[in-house]
Amino acid sequence: MATCPCDKDPNEDLKDPGAAPYGNFINYYSFNPPENRLKLIPETLLRDLGHGDVEDEPTLILDVGCNSGELSVAVYKHLVQNPEEKSQRSTVHLLGFDLDGALIERAQQTNPLQRNISFMQLDITEETKQLQDYLSQHRCSHFHLCLCLAVTMWVHLNHGDSGLLQLLSRLASISQHLLLEAQPWKCYRSAARRLRKLGRTDFEHFKTLKIQGDIAEHAREHLERHCGMELMRSFGSTTWDRKLLLFRRRQA
């Protein structure tokens with residue numbers, strides 16, 4: 001089994017990627033390339049969900065915690081065939097956001113599809129007005145597909161049980177479909193151990209978290225019981241043995 005980034009030795013990189021208490025690793029995609037997720041996601045996903053390039057009907061994708069944007073661009077190219085040729089007329093748009101301004105700046109500078117992909121700095125735990133403004137700009141009430149990949153643990157560790165549940169509730173409230181990859185509990189222990197090894201203060205909430213064990217199952221229960229969503233499909237597990245789960249808004 002491949003090494004989880006939570007287990008990486010921070011000394012492997014001169015800029016110390018281990019010193020990333022919010023998961024904002026400076027070289028994240030060097031040890032977790034986009035292909036690790038894309039090989040599990042069908043290229044026809046948007047069409048399968050009833051979305052795609054339809055004139056005057058935009059399809060909006062949200063990438064939560066997009067880091068430096070490599071996965072955002074790769075996902076767009078994976079789901080939109082020949083995006084370079086279609087960029088002038090494609091109605092599929094992707095918005096990626098991250099709390100790290102330096103990573104967002106890098107994403108903006110290296111973005112090859114600026115007409116259809118955009119990035120912004122945003123802390124999802126504080127406010128969502130910028131997301132609502134983006135939706136209004138495109139005359140949509142929700143994102144058609146939201147990607148939340150390897151983000152839940154960092155919100156959980158830094159904002160506690162309530163922060164994790166609030167994140168899931170917020171994403172469910174603005175999404176028609178949610179693709180979720182939650183880090184397992186063993187990654188929590190590794191992240192806390194790495195922080196201590198660096199001589200830094202431990203995560204504030206780590207020792208008081210009541211939501212433990214199968215984090216993906218806890219997330220599923222919350223989304224289904226409290227957020228009006230239902231599990232639609234599992235795409236299996238990633239190289240690091242993390243479940244990739246697709247939820248949809250429950251039909252009234």
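What follows is a chat about the fold, a few residues and the pocket.

Colleague: What sort of model is this, and how many helices and strands does the chain have?
Modeller: Keep in mind that this is a predicted model. Of the chain's 252 residues, 54% count as buried. As for the elements, the chain has 10 helices and seven strands.

Colleague: Do β4 and β5 pair in the parallel or the antiparallel sense?
Modeller: Strands of a sheet can pair either way, through backbone hydrogen bonds. Here β4 covers residues 145–149 and β5 covers residues 177–181, with four bridges between them. Leu 149 stands opposite Glu 181 in β5. The sense of the β4 and β5 pairing is parallel.

Colleague: Which side chain does the side chain of Arg 37 make a polar contact with?
Modeller: Start with the place: Arg 37 is in helix α2 (residues 35–38). Its relative accessible area is 2%, under the 20% cut-off, so Arg 37 is buried. Setting aside neighbours within four places in sequence, Arg 37 is in contact with several residues, including Tyr 28, Leu 71, Leu 149 and Leu 244. The polar contact, at 2.8 Å, is with the side chain of Glu 181.

Colleague: Is Leu 45 buried or exposed?
Modeller: Leu 45 belongs to helix α3 (residues 45–48). Beyond neighbours within four places in sequence, Leu 45 is in contact with Leu 79, Leu 145, Phe 235 and Leu 246. With a relative accessible area of 2%, which is under 20%, Leu 45 is buried.

Colleague: How far apart are the C-alpha atoms of Leu 45 and Val 80?
Modeller: Along the chain, these two are 35 residues apart. For the chain in general, take the contacts between residues at least 6 apart in sequence: 74% of them join residues at least 24 apart. For Leu 45 and Val 80, the C-alpha separation is 9.7 Å.

Colleague: What is the phi of Asn 67?
Modeller: Most residues other than glycine have a negative phi. Asn 67 sits in the loop between β1 and α4, and at 3% relative accessibility Asn 67 counts as buried. Its phi is positive, although the residue is not glycine, with a value near 55°.

Colleague: And what about Ala 150, what is its phi?
Modeller: Ala 150 lies in the loop between β4 and α8. With a relative accessible area of 11%, Ala 150 is buried. Ala 150 is not a glycine, yet its phi is positive, at about 60°.

Colleague: Which side chain has a polar atom 3.0 Å from the backbone oxygen of Ala 150?
Modeller: Look in the loop between β5 and α9 (185–197) for a residue that counts as buried at 2% relative accessibility. A polar atom of that residue's side chain also lies 3.1 Å from the backbone nitrogen of Met 153. The side chain that lies 3.0 Å from the backbone oxygen of Ala 150 belongs to Gln 183.

Colleague: Last one: which element gives the most to the lining of the largest pocket?
Modeller: That pocket has a volume of about 420 Å³. It is lined by 31 residues, and Tyr 22, Gly 65, Asp 98, Val 151 and Trp 154 lie nearest its centre. The elements giving two or more residues to the lining are α1 (28–31), β1, β2 and α8 (152–173). The one that gives the most, with four residues, is α8.

Methods
Residues numbered from 1 in each chain as written. Predicted model: local features only at pLDDT ≥ 70, side-chain atom pairs only at ≥ 80, totals over all residues. Heavy atoms only, no water. Pairing = 2+ DSSP bridges. Buried < 20%, exposed > 50% of the residue type's maximum accessible area, 1.4 Å probe, protein only. Polar contact = N/O pair within 3.5 Å; in protein donor to acceptor, adjacent residues only side chain to side chain. Contact = heavy atoms within 4.5 Å. 1 Å grid on protein atoms, 1.4 Å probe; cavity = no way out; pocket = protein on both sides within 12 Å on 5 of 7 lines; lining within 4 Å. Points joined across faces, edges and corners; volume = space filled by probe spheres on them.
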